[in-house]
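Have a look at the structure first, then read on.

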Amino acid sequence: MPTPRRAATEAEIAAMASGIRLRIIRLTYSEALTNKELAERLDRDPATTLHHVRKLVDTGFLEALPPRRGTRGAKEIPYRSTGLSWHLDSRDRGIDQAIFEAYLAEIAEVGFDEVQQTRLVVQVPDEQITEFETRLMELVDDFMSRPVDPEAKRTAIYLSKYPSR
């Protein structure tokens, strides 16, 4: 069975309705990063990135870890994803465009040579759609529940289901 998800609050939906925030959540899933590191990876101004980081901390998507000393001795605060976004049911709640924006930005960052794509059309009777979706989510949930291996290659997937005409 897929992991039970709860409905996202309006504040959580607002926080997730930004492609850049979704990318921050993903970047900090297995590695704690400072605002400066996030800004560099996202090619953004640190002040703008900090605005997004604070919004994600305020809504529980990121947690601040104990401060550490940077290369020049300055105090830096690393942030890590709490995994909250995976436990929310936010379907049809206004974040679809942000998810797509995050996907496109990540593809642009790595380049099409690094993307393995496929397109598949299946014909699933109406009474089996729920089973189809449940089984897909069970597979994804299984891999999400496994311990993070910091040495493993990070892999991202984008899955979209839509009617084919």
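## Ground rules

A residue is called buried under 20% relative accessible area, exposed over 50%, and partly exposed in between, using a 1.4 Å probe and protein chains only. This is a predicted model, where local features need pLDDT of at least 70, side-chain atom pairs count only at pLDDT 80 or more, and totals for chains, interfaces and linings use all residues. Residues are numbered from 1 along each chain as its sequence is written, and side-chain values use heavy atoms, leaving out hydrogens and water.

L120 counts as exposed because its relative accessibility is 67%. You'll find L120 in the loop between α5 (96–110) and α6 (129–144); helices here are DSSP runs of H or I with at least four residues, numbered from the N terminus.

With a relative accessibility of 6%, E12 counts as buried. Which residues does E12 touch, not counting those up to four places away in sequence? They are R6, A7, T59, F61, L84 and L88, where a contact means heavy atoms within 4.5 Å.

## Helix α5

α5 has 15 residues and spans 22 Å from its first C-alpha to its last, close to the expected 21 Å at 1.5 Å a residue. That expected span is 1.5 Å times one less than the number of residues.

Which residues of α5 are buried? A98, A102, E106 and I107 are, and their cover includes α1 (10–16) and α2 (19–27). After α5 comes G111, with a positive phi near 85°.

## Rings that meet

Time for the aromatics. Searching the whole structure turns up 3 aromatic pairs. Rings of Phe, Tyr and Trp (its six-membered ring) pair if their centres lie within 6.5 Å; planes under 30 degrees apart are stacked, over 60 edge-to-face, and the rest tilted. The rings of F100 and Y158 are 6.0 Å apart at their centres with planes at 55°, so this pair is tilted. It links distant parts of the chain, with F100 in helix α5 and Y158 in the segment after α6, 58 residues apart.

Y103 and Y158 make a stacked pair, 4.2 Å centre to centre with 25° between the planes. Because Y103 lies in helix α5 and Y158 in the segment after α6, this pair ties together parts 55 residues apart in sequence. Put together, F100, Y103 and Y158 form one aromatic cluster. F100 is partly exposed at 38% relative accessibility, Y158 is partly exposed at 33%, and Y103 is partly exposed at 21%.

Technical notes: Helices (H or I, at least four residues) and strands (E, at least two) are DSSP runs, numbered from the N terminus.
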